[in-house]
Amino acid sequence: MPKETDYNILSDQQLMILIGQDDYAGFTALYLRHIQELIQYARRLHTDEEESNDFVQEVFASLWMRRHDLHLDTPLAWLYMSVRKQMLHNLRKQKNRDKYIENLASYLNPFYDPVLDVIQEKQVRDFIERETAKLPSKMQQIFRMSRQDFLSHREIAEELQLSEKTVKKQINNVLKIFRSKISPRQAEVIVIISYLMSQK
């Protein structure tokens, strides 16, 4: 193993070999060598500075956790690709989250009153969490993967070894159950409807 002062003369590929042998100093050397250029790259793709930094940190964390499985001829190319994939994944999660809210709101739409005030998100989360906890275990698992992890129907189906049709049906059943809980005379439900519709 090289002395600490020797790490800077090693190539990225040589550092990856050391990293695969649990050499944290080698990992630190690779991190310090490329962190700034990767952050600059992330900021060109994403306007939020803090999130851009987080994406890059997550990529390096992933590299360390997968160090025994990764065999990279061009580590820097992998780092750039991973930053881009991380940002695209985050964007897809956000889109799936927005779609989830829109779909749930459409089930609540018959009871919506546009004059209702917008309420705090915590009240919505409390309602959904309380009702989700009452669901059968498999239905609850599928719904949480959709709502909390923002996975697509296909991703959930692959992970649970189910058909996409089954996943979609289970999620629709959850939404129907939620809808059955709704009464315009219940103040709690009214504020939930108001919040969801305000997010469309």
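1. A residue is called buried when its relative accessible area is under 20%, exposed when it is over 50%, and partly exposed in between (1.4 Å probe, protein chains only). At 48% relative accessibility, Tyr24 therefore counts as partly exposed. Phe27, at 7%, counts as buried.

2. A word on what you are looking at. This is a predicted model, in which local features need pLDDT of at least 70 and side-chain atom pairs count only at pLDDT 80 or more, while totals for chains, interfaces and linings use all residues. Residues are numbered from 1 along each chain as its sequence is written, and side-chain values use heavy atoms, with hydrogens and water left out.

3. Now the overall plan. The protein has nine helices and zero strands, where helices (H or I, at least four residues) and strands (E, at least two) are DSSP runs numbered from the N terminus. Buried residues make up 37% of the 200 residues. Contact means heavy atoms within 4.5 Å; among contacts between residues at least 6 apart in sequence, 61% join residues at least 24 apart.

4. Buried residues in H3 are Ser52, Phe55, Val56, Val59, Phe60, Leu63 and Trp64.

5. Which residues have the most contacts inside the largest nonpolar core? They are Val56, Leu63 and Val83, in a core of 26 residues. A nonpolar core is a set of buried Ala, Val, Leu, Ile, Met, Phe, Trp, Tyr and Cys residues joined through side-chain atoms within 4.5 Å. Helices H1 (12-19), H2 (24-45), H3 and H4 (75-108) each supply at least two residues of this core, and the largest share, eight residues, comes from H2. Leaving aside neighbours within four places in sequence, Val56 is in contact with Ile35, Leu38, Ile39, Ala42 and Val83.

6. Next, the aromatic rings. Rings of Phe, Tyr and Trp (its six-membered ring) pair if their centres lie within 6.5 Å; planes under 30 degrees apart count as stacked, over 60 as edge-to-face and the rest as tilted. By this rule there are seven aromatic pairs. The rings of Tyr24 and Phe27 have centres 5.4 Å apart and planes at 40°, so this pair is tilted. Tyr24 and Phe27 are three residues apart in helix H2, which means about one helical turn separates them.

7. How are the rings of Phe27 and Phe60 arranged? Their centres are 6.2 Å apart and their planes at 80°, so the pair is edge-to-face. This pair links distant parts of the chain, with Phe27 in H2 and Phe60 in H3, 33 residues apart. Ring pairs also join Tyr24, Phe27, Tyr31, Phe60 and Trp64 into a cluster.

8. Finally, look down helix H8 (residues 164-180). Val167, Gln170, Ile171, Val174, Leu175 and Phe178 are buried in H8. Seen down the axis, these buried residues fall within an arc of 135°, so they line one face of the helix; the arc is that of the directions from the helix axis to the C-beta atoms. On the other side of H8, Lys165, Lys169 and Ser180 are exposed.
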